[in-house]
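Subject: Model handed over, with notes

Dear colleague,

Here is the structure I promised to pass on to you. Please open it beside this message, as the notes below go through it piece by piece.

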Amino acid sequence: MTRQKSRTTSDRWLSALIALLALSACNLLPTRSACPTAQDLTPEMLYGQWTVQIAGEMPWALTLGPHPEHAGSLRGELTQGQQRHAVVADLDDGDFTLEETHDGQRIAATWQGSLPIASCGRQIQGHRTLAGQNSRSFLITRTP
């Protein structure tokens, strides 16, 4: 009986030591904010599907991924029904810039935006200027 009791006590001490070491290791790991600031975001964090709402228009879908020729830049497509427009974008210290082309040659629209503090990198807001027209506000939201 004493032998079983000492094993149980030994097992408890070993479990407590493992738990203590695990907690100590957690303190050594870098902390990561649950809600990154705009300056903490990287272009890779913008890869994926987004919904775009431009003032006065039906919603668009936006897909962003890595630009194959320019490291740190984004490339993608803006779609609405049968309309498809190629886009390239950059994220620089929280400032978002996107250029849209309708013919693959010339810039048809320029987007200037920022990431609202409370959005945790899930929204981009700003203004889209279509060539020869007044700018319109936009809101880009991460698709769940």
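The strands concerned, E6 and E7, pair in the antiparallel sense over six bridges, where two strands are said to pair if DSSP finds at least two bridges between them. Strands (E, at least two residues) and helices (H or I, at least four) are DSSP runs, numbered from the N terminus.

Please keep in mind that this is a predicted model, in which local features need pLDDT of at least 70 and side-chain atom pairs count only at pLDDT 80 or more, while totals for chains, interfaces and linings use all residues. Residues are numbered from 1 along each chain as its sequence is written, and side-chain values use heavy atoms, with hydrogens and water left out.

The overall fold

The protein chain holds one helix and eight strands, and along the sequence these follow the pattern α-β-β-β-β-β-β-β-β. The eight strands form a closed barrel that runs E1-E2-E3-E4-E5-E6-E7-E8 with antiparallel pairing, and the twist from one strand to the next averages 30° (axes are lines fitted to C-alpha atoms, for helices over the stretch in contact, and angles run from 0 to 180 degrees between N-to-C directions). Of the 144 residues of the chain, 29% count as buried, that is, under 20% relative accessible area with a 1.4 Å probe, protein chains only, whereas exposed is over 50% and partly exposed lies in between.

Strand E1 (residues 48-54) is joined to strand E2 (residues 60-66) by five bridges, and the two run antiparallel; here Thr-51 stands opposite Ala-61 in E2. Their hairpin has five residues between the strands, and in it Gly-56 takes a positive phi near 80°. E2 is in turn joined to strand E3 (residues 74-80), also antiparallel, by six bridges, with Gly-76 in E3 as the bridge partner of Leu-64.

The nonpolar core

The largest nonpolar core has 23 residues, and those with the most contacts inside it are Val-52, Leu-62, Phe-96, Trp-111 and Ile-140. Such a core is a set of buried Ala, Val, Leu, Ile, Met, Phe, Trp, Tyr and Cys residues joined through side-chain atoms within 4.5 Å. Leaving aside its neighbours within four places in sequence, Phe-96 is in contact (heavy atoms within 4.5 Å) with residues that include Leu-46, Trp-111, Ile-124 and Ile-140.

Trp-111 also takes part in the one aromatic pair that was counted. The ring centres of Trp-111 and Phe-138 are 4.9 Å apart and their planes are at 55°, so the pair is tilted; rings of Phe, Tyr and Trp (its six-membered ring) pair if their centres lie within 6.5 Å, with planes under 30 degrees apart counted as stacked, over 60 as edge-to-face and the rest as tilted. The pair links distant parts of the chain, with Trp-111 in strand E6 and Phe-138 in strand E8, 27 residues apart, and both residues are buried.

One further residue

Ala-109 lies in strand E6 (residues 107-114) and is buried, with a relative accessible area of 0%. Beyond its neighbours within four places in sequence, Ala-109 is in contact with Leu-98, Glu-99, Glu-100, Arg-128, Thr-129 and Leu-130.

With best wishes
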